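User: I would like to learn how to read a few features of a protein structure. Please take them one at a time.

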Amino acid sequence: MLDKAAELIARRGFDGTSMRDIAAAVDMLPGSLYYHFASKEDLLLDIHERVVTSMTDQVRAALDGVTDPWARIEAAAVAHLQALLGSGSLVTIVSPNFPKDRDELNTRLKAHRNGYETLFHDLFAAVDLRPGTDRRLLRLQLLGALNWVPVWFNPKGKTTPAEIAQSFVRAIRLGCAPEAAAGAPGAGR
């Protein structure tokens with residue numbers, strides 16, 4: 001039911017999808033859907049929380065045993081991108097384009113996302129950077145680049161999701177790490 005709801009919301013938008021549409025798509029009476037979710041907003045919150053929790057779990061698993069700060073960012077970036085590309089239509093649910101004019105819903109959706117982004121905040125806090133480098137902007141740059149990949153990614157192309165994520169991290173590292181670290185072995189791999 002949640003997968004079908006996410007698919008419809010991704011295709012038609014939040015406002016363009018009704019609870020009746022979702023119920024019909026899963027061969028359920030609308031009243032039965034309301035038994036599980038009091039509103040369409042509650043349904044979206046549940047979908048969003050599940051997607052964000054799954055992505056958080058995947059990133060944490062990728063970080064397990066990785067100790068080098070830059071290698072941790074790279075592992076997290078790869079896991080993030082693989083999770084996005086593996087989520088199908090659910091990728092739209094975690095996008096920053098939240099329904100307008102719904103302050104409470106927006107606040108709750110952003111809380112899910114911000115909790116997830118804390119992982120990346122902590123990763124960027126641990127790396128050595130050139131003086132004056134804005135860690136927040138680097139983090140947002142990486143996440144923005146990764147989040148855009150599902151728009152243009154070709155699964156039949158030459159470059160794998162891991163290679164794309166590694167390339168993004170390498171570009172950030174080479175541009176922002178202190179001179180000695182940027183030229184260190186493995187920095188340009």
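Predicted model: local features only at pLDDT ≥ 70, side-chain atom pairs only at ≥ 80, totals over all residues.

User: How many residues does the largest nonpolar core have, and which have the most contacts inside it?

Analyst: A core of this kind is a set of buried nonpolar residues joined through side-chain atoms within 4.5 Å. Here the largest one has 46 residues, and L43, W70, I73 and L142 have the most contacts inside it. Two or more residues come from each of α1 (2-12), α2 (19-25), α4 (40-63), α5 (69-86), α7 (103-125), α8 (135-152) and α9 (161-176). With ten residues, α5 gives the most to this core. Another core, of six residues, lies apart from it; I9, L44, L45 and L105 are among its members.

User: Which residues does I73 touch, not counting those up to four places away in sequence?

Analyst: I73 touches L123, F124, V127, L142 and V169 on that count.

User: Is T56 buried or exposed?

Analyst: Buried means under 20% relative accessible area. T56 has 11%, so T56 is buried. This residue is found in helix α4. Leaving aside neighbours within four places in sequence, T56 is in contact with Y116 and L119.

User: Where is D27, and is it buried or exposed?

Analyst: D27 is in the loop between α2 and α3 (30-36). The cut-off for exposed is over 50%. D27 counts as exposed because its relative accessibility is 76%.

User: What is phi of D27 near?

Analyst: Phi of D27 is near 55°, a positive value in a residue other than glycine.

Key: Residues numbered from 1 in each chain as written. Heavy atoms only, no water. Buried < 20%, exposed > 50% of the residue type's maximum accessible area, 1.4 Å probe, protein only. Helix = DSSP H or I, 4+ residues; strand = E, 2+ residues; numbered from the N terminus. Contact = heavy atoms within 4.5 Å.
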